[in-house]
Amino acid sequence: MHQFTETPDTPPEAPRPAGALRRFIRLLGPGVITGAADDDPSGIATYSQTGAQFGFGQLWTALYQIPLMVAVQECCARIGSVTGQGLAGVIRQHYSRPILVVMVLLVVVANTINIGADIGAVAAASQLVVRAPLWVFTVLTTVIVVTLEVQISYKTYAKALKWLALALLAYPATAFMIREPWAEILRATVIPHVEFSFQFLFIVTGVFGTSISPYMFFWQASEEVEEEIAQGVPSGDDGQPRLPWDFLSNMRIDTATGMVFAELAQWFIIITTGSVLFRHGITNIATAADAAAALEPLVRSFPNSGQVARDLFAVGVVGLGLLAIPVLAGSAAYAMAEAFQWREGLSRKFGEARGFYGVIIVSTGVGLLLNFTHINPMKALVFTAVFNGIAAVPLLFMIARINASREILGANRGGRVSRTLVWLTFAIMGLCALGMFATLLP
C-alpha cells in the first residue's frame with residue numbers, strides 16, 4: 001500500500017509591483033462599478049448642493065459613511081455570491097412577496113426619475129465642453145447606453161464600466177487646483193456638525209439616500225451572480241454555487257475599494273463647492289452642470305484655471321453618468337425580473353430575457369422623455385434622493401435579517417462586526433428620516 005505525502009508547494013516569488021497592480025485591477029469589478037455609480041450626476045448634484053448650502057458643514061458624512069457603505073454592500077455582494085441569486089430573489093424566496101413587489105416598484109420609479117435626471121445632466125455637462133444643441137446630447141446619451149447594455153456581452157461591458165470609473169479622478173484633480181484651508185477641512189471631516197433644522201436634515205437624508213441607495217443593493221448582489229457565471233463557477237447538489245477559495249476575499253477587496261473611492265469623490269466634491277461656491281454666496285445648485293459652470297468665473301489659481309476646473313468637473317459628470325445610467329436601469333431590471341421570476345441577466349442575449357431587457361429599455365426611454373416634458377427631473381431628483389433614504393430603511397431591515405440568517409447563508413452569514421454595522425446603518429438612516437419629519441411638527 002502506497003502512502004502519499006503532500007509536499008508543500010514552492011513559495012511563490014514576491015510579485016513585482018507591476019504584476020501586483022495588474023492582479024489588483026483584474027479583481028476589481030462589481031464593487032468598484034457600484035461605488036463609481038454611487039457618484040452619478042444626481043449624486044454629484046446632491047453633494048454640490050450640500051457644499052454650496054452648508055460649506056464644509058457636512059464633510060463628516062463622507063468619512064462616517066465609509067464603514068456603513070462597505071458593510072452593507074459587502075453584505076449584499078455576499079448574499080448574491082453565496083446564494084447564487086439576486087437580492088430580490090432571496091427576499092421573495094424567504095419573506096413576503098407582496099412587500100417585495102411594493103419595494104421593487106418604488107425602486108423602479110425612483111430609478112427611472114434618476115435616469116432622466118442623469119441623462120439631462122450628462123447632456124448639459126457635455127454641452128459645456130462641446131457646443132451642440134442639448135437635445136442631441138440627450139438622445140445620443142440614451143442611444144449609447146441602451147445599445148451597449150443590450151448588445152454587448154457582460155464580460156466586455158463590465159470592463160468598459162470599470163474603466164469609466166476613472167472619471168472619479170476628476171474631483172480630486174479639481175479640488176487640488178484651488179487653494180484650500182486643509183486644517184479647517186480636516187476638522188470638519190472628523191468632527192460632526194449637526195443642525196436640527198428641516199433643511200439640514202433634509203439634505204443629510206438626501207446625502208445618505210444618494211450614498212446608501214436601494215439600487216446599489218440590488219445591482220451588486222446580481223452582479224456577483226453575473227461574475228460567477230462569467231467565471232464558470234459550478235453549482236452543488238443544493239443549487240448553491242461552489243465558490244473558489246478566494247472569491248469572497250476578492251469580493252471584499254473589490255467592494256471596500258469601490259466604496260472608499262466613492263466617498264473620497266463625495267468628499268472632494270463637497271470641498272470644491274464648499275470652498276468656491278459657498279464662500280462666494282452661491283448657495284443654490286440645481287444640477288451637476290450648474291456646479292461645473294459656476295466654478296469657471298471663481299477659480300483663479302492660474303491662467304484659464306476656471307475653464308480647466310469647469311471642464312474637469314463636467315468630464316467627471318459625463319463619465320460617471322455613462323456608468324451610472326446603465327447601473328440604474330440594470331438594477332431596476334434585476335429587481336423586477338427576480339420579483340416576478342422572469343429570466344434575467346446581462347449574460348443572456350436579448351431573446352433569452354426579453355422582460356429583463358424590456359425594463360432596461362423602457363426605464364431609460366421614459367427617463368429620456370422626462371427631459372422633453374414640463375416635469376423638472378432635477379427638482380424631482382432631490383426628493384428622489386430623500387425618498388431613497390427613506391425607502392432604504394425597510395430594505396436594510398430585510399438585508400440585516402438575511403445577513404444574520406444561518407438558514408440562508410449558512411457558514412457565510414455575517415460576522416459580529418458585519419451584523420452590527422448593517423443594523424447600525426438601518427438605525428442611523430431611520431433616525432435621519434424620523435428627525436427630518438420631526439422638524440415639521442409644530
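Which element gives the largest share of the lining of the largest pocket? Helix α8 does, with 6 residues. The model is predicted: local features need pLDDT of at least 70, side-chain atom pairs count only at pLDDT 80 or more, and totals for chains, interfaces and linings use all residues. Residues are numbered from 1 along each chain as its sequence is written, and side-chain values use heavy atoms, without hydrogens and water.

The largest pocket has a volume of about 560 Å³. Of its 22 lining residues, R26, L27, L28, E227 and Q231 are the closest to the centre. Two or more lining residues come from each of α1 (17-27), α2 (30-38), α8 (154-164), α12 (214-231) and α13 (247-276). By class, the lining has 11 nonpolar, 3 polar and 8 charged residues. A pocket here is an open set of points on a 1 Å grid where a 1.4 Å probe fits, with protein on both sides within 12 Å along at least five of seven lines; lining residues have an atom within 4 Å of a point.

Now the surface. L21, F24, I25, W163, L166, L169 and I253 make a nonpolar patch of about 660 Å². Patch residues have over 30% relative accessible area and no salt bridge, and nonpolar side chains are joined within 5 Å. Helix α1 gives the most, 3 residues. W163 sits in helix α8. W163 counts as exposed because its relative accessibility is 53%, and exposed means over 50% (1.4 Å probe, protein chains only).

One backbone detail remains. Q341 is not a glycine, yet has a positive phi of about 60°. Q341 lies in the loop between α15 (305-339) and α16 (354-370). Q341 is exposed too, with a relative accessible area of 53%.

Technical notes:
Points joined across faces, edges and corners; volume = space filled by probe spheres on them. Helix = DSSP H or I, 4+ residues; strand = E, 2+ residues; numbered from the N terminus. Nonpolar A, V, L, I, M, F, W, Y, C, P; charged D, E, K, R; others polar. Patch = residues over 30% accessible without salt bridge, like charges linked within 9 Å, V, L, I, M, F, W, Y side chains within 5 Å. Areas by Shrake-Rupley, 256 points an atom, 1.4 Å probe, with all protein chains shown as cover. Salt bridge = Lys/Arg side-chain N within 4 Å of Asp/Glu carboxyl O. Buried < 20%, exposed > 50% of the residue type's maximum accessible area, 1.4 Å probe, protein only.
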